[in-house]
Amino acid sequence: MHGLTPMAKAGARFVSLEGVALRYGGEGGGTLAVSGLNLAIGKGEFAAVVGPSGCGKSTLMKLVTGLATPSAGAVIVAGAEVSGPLKIVGMAFQNPTLLPWRTTLDNVLLPLEIVAPYKATFRREREKHVARARALLATVGLAGFEEKYPWQLSGGMQQRASLCRALIHEPALLMLDEPFAALDAFTREELWSVLQALWMERRFTCILVTHDLREAVYLADTVHVMSARPGRVIETRRVDLPRPRDLARSFAPEFVEIVHALRDRIAEARASSC
Amino acid sequence: MLSPRAQAAIMPWLVVAGLFLLWELLVVAARLPPFVLPAPTTVFAALAEFSGPIAHHALHTLGTTLAGFALSVAGGVALGVAVGSSAAAYRALFPVLIGFNSIPKVAIVPVLIIWFGIGAVPAIITACLISFFPITVNVATGIATLEPELRDVLRSLGATRTDILRKVGLPRAAPYFFASLKVAITLAFVGSIISETVGSNEGVGYLMIQASSRFQIPLVFAALVVVAAMGIAMYFLFAILERRMTFWATRGVDPAYAAGG
């Protein structure tokens, strides 16, 4: 059933979507956001999903995290079919969605006040969690900003804090929905390195939805190209560049070649929809 | 030269003083008799002369207003949370709330007096009824406008409805809530005084009705000045509270000085 998409070879399969369709707005009518969507992502793999705008990339996020239920097909994560919101997920979006009444540190701690194993003991073990949050903030370069409020931070710093919030409960799966899209080019590339370092250290499974092909190729082990709506994966491309990848390499011919190939594929997908 | 901050602080007093001066000049120039429009000096003379009874009635009104206001805060927040956190409750309750808010409260007071007799109870209830609507609407708005991404983050952490309400909904609604308190407290004064004018033995409303029936117009105005002063005092009390509780909503910039600074 994965005939359309060559399987990634990294580790055991962690996320798989099999013949998934999702229709918004009722039976018959409404919009078919994705259809015949097949996708397989190995454990500890960094996957990027790219495609023309409106191809259902964000729908894919909702399906994998269990926030949306497929109209057809199955979504399987960690060996079990997804039937409700998953609790092993960290999420970050283009909008950092930090809480303005909490300090950066307290924003990062938020998931621990809510998510299952930590919630019960959060008050008792607060010291330990605070130390962990501070360490995590330090690894993304936010040491010294723990007591600042989000609105006192720059956009890039807010996005770093948002990444920390997504990772503090050590989720097995990190879902990123265009997290760097609103940042300037320099900050964006800086955060690619931050994210790559975090991933290399922790090896969570990561799904990154992005419009930016350089970002996808820089960060991901596999890049999945989606078609225009109704979205499905029309190509999966492995990126076998060595890690840690540095920015200078993103201008090397083998890197650029992958970017161009992906770009052509998306152009085709766009054209076929018109 | 005064600092911009001091200027901003002194401006409201200058405006009030200017208004009184204009008023005084108008009365003197047009030779208006005190039973048509008393001059501010006459009003303040009445205020001094009747300070005892005015204080007594003003404190009574303050008491009923605050009691009604406290009820409306409790009820308004509860209703706002219900309406804001559930689309079904919103659809079910909102038309009724709007209908209810459209009823002139003065029309209800006689009914309240039949039910509860002359006294403080109708005033408290009227103050509550007139002031809960802005609180409800604001709290509901604050809770209902939660960003969808944030809701996704929380749901994917397994947050219960109560978690979402406690960690995000209520803090998020706080600026809306405090803004509404400033409106609601002034409305509560209107409510209790309306009720007192229709039927009461005590309170500023009663005092004014009594005074005007005896053509003591300066006393009526003295009572009005006291009501306005109480309204302003309460407004600023809640403005200070708002600033302390929700400084983050204005990003630490004091809105009272932001424009002038």
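A salt bridge here is a side-chain nitrogen of Lys or Arg within 4 Å of a carboxyl oxygen of Asp or Glu. The legends below describe a predicted model.

**View 1. Salt bridge between A:K62 and B:D152.** The side chains of A:K62 and B:D152 meet at 2.8 Å, N to O. Between chain B and chain A the count is three salt bridges. Polar contacts between chain B and chain A, with both residues at pLDDT 80 or more, number three residue pairs.

**View 2. The side of chain B that touches chain A.** Helices α7 (148-156) and α8 (161-198) of chain B each supply at least two residues to this side. Its largest share, seven residues, comes from α7(B). By class, this side of chain B holds nine nonpolar, three polar and seven charged residues. In total, 19 residues of chain B are in contact with 24 residues of chain A. The two chains bury about 2200 Å² between them, with 70% of it on carbon and sulfur atoms.

**View 3. Aromatic pairs in chain A.** Over all chains the count is 15 aromatic pairs. The ring centres of A:Y149 and A:W151 are 5.3 Å apart and their planes are at 10°, so this pair is stacked. A:Y149 is buried at 18% relative accessible area, and A:W151 is buried at 15%. For A:W192 and A:Y218, the ring centres are 5.4 Å apart and the planes are at 35°, so this pair is tilted. A:W192 lies in helix α6 (residues 185-202) of chain A and A:Y218 in helix α7 (residues 213-219) of chain A, 26 residues apart. A:W192 is buried, with a relative accessible area of 1%; A:Y218 is also buried, at 1%.

**View 4. An aromatic cluster in chain B.** Ring pairs link B:F20, B:W23, B:F44 and B:F221.

Notes:
Residues are numbered from 1 along each chain as its sequence is written. Chains are lettered from A and ligands numbered from 1 in the order in which they are written. Side-chain values use heavy atoms; hydrogens and water are left out. Contact means heavy atoms within 4.5 Å. Buried area is the accessible area (1.4 Å probe) that two parts lose on being put together, summed over both. A polar contact is a pair of N or O atoms within 3.5 Å; within protein, one must be able to donate a hydrogen and the other to accept it, and residues adjacent in sequence count only if both atoms are side-chain atoms. Helices (H or I, at least four residues) and strands (E, at least two) are DSSP runs, numbered from the N terminus. Ala, Val, Leu, Ile, Met, Phe, Trp, Tyr, Cys and Pro count as nonpolar, Asp, Glu, Lys and Arg as charged, and the others, Gly among them, as polar. Rings of Phe, Tyr and Trp (its six-membered ring) pair if their centres lie within 6.5 Å; planes under 30 degrees apart count as stacked, over 60 as edge-to-face and the rest as tilted. Buried means under 20% relative accessible area, exposed over 50%, partly exposed in between (1.4 Å probe, protein chains only).
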